[in-house]
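Subject: Structure for you to look at

Hello,

Here is the structure I said I would pass on. Please open it first and then read the notes below it.

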Amino acid sequence: MIEMAFLDKLNALKDKSIEKGKAHWEENKDDYKEKASTYKEKAMVMKDDVANKIKEKTKK
């Protein structure tokens with residue numbers, strides 16, 4: 001009986017935590033998407049730089 005009450009409280013805490021996470025995402029998703037696109041752009045530039053350096057080394 002006590003175990004069931006504990007599990008119920010644990011599940012309620014888990015559900016509350018999930019809801020908080022969803023609310024946080026909804027409030028901040030535009031910022032996260034902007035940061036992700038910035039990181040993607042930086043990664044593409046780095047990829048191109050590495051590719052160019054490899055081409056230069058293989059030409060020599």
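Which side chain does K29 meet in a salt bridge? The partner of K29 is E26, with 3.3 Å from N to O. A salt bridge here is a side-chain nitrogen of Lys or Arg within 4 Å of a carboxyl oxygen of Asp or Glu. Side chains of opposite charge can pair when their charged atoms come close. A search of the whole structure finds one such bridge.

Before the rest, some notes on the source. This is a predicted model, in which local features need pLDDT of at least 70 and side-chain atom pairs count only at pLDDT 80 or more, while totals for chains, interfaces and linings use all residues. Residues are numbered from 1 along each chain as its sequence is written, and side-chain values use heavy atoms, with hydrogens and water left out.

Overall shape

The protein chain has one helix and zero strands. Helices (H or I, at least four residues) and strands (E, at least two) are DSSP runs, numbered from the N terminus. Helix α1 covers residues 2-59. The C-alpha trace spans about 75 × 25 × 5 Å along its principal axes. The radius of gyration, taken over C-alpha atoms, is 24 Å, whereas a compact globule of 60 residues would have one near 10 Å. That globule rule is 2.2 Å times the number of residues to the power 0.38.

Two distances can be checked on screen. N11 and N52 are 41 residues apart along the chain, and their C-alpha atoms are separated by 53 Å. For A23 and M4, 19 residues apart in sequence, the C-alpha to C-alpha distance is 28 Å.

Surface

Of the 60 residues, 2% count as buried. Buried means under 20% relative accessible area, exposed means over 50%, and partly exposed is in between (1.4 Å probe, protein chains only). The accessible surface of the chain comes to about 6,200 Å², and 60% of this belongs to carbon and sulfur atoms. Accessible areas come from the Shrake-Rupley method with a 1.4 Å probe; for residues, only the protein chains shown count as cover.

M4, F6, L7, L10 and L13 make a nonpolar surface patch of about 520 Å². Patches are made of residues with over 30% relative accessible area and no salt bridge, where like charges are joined within 9 Å and nonpolar side chains (Val, Leu, Ile, Met, Phe, Trp, Tyr) within 5 Å. L7 has a relative accessible area of 41%, so L7 is partly exposed.

Side-chain pairs

K29 and E26 both lie in helix α1, three residues apart, which is about one turn of the helix. K29 is partly exposed at 25% relative accessibility, and E26 is partly exposed at 49%.

There is one aromatic pair. The rings of W25 and Y32 have their centres 5.8 Å apart and their planes at 10°, so the pair is stacked. Rings of Phe, Tyr and Trp (its six-membered ring) pair if their centres lie within 6.5 Å; planes under 30 degrees apart count as stacked, over 60 as edge-to-face and the rest as tilted. W25 counts as partly exposed at 37% relative accessibility, as does Y32 at 35%.

Regards
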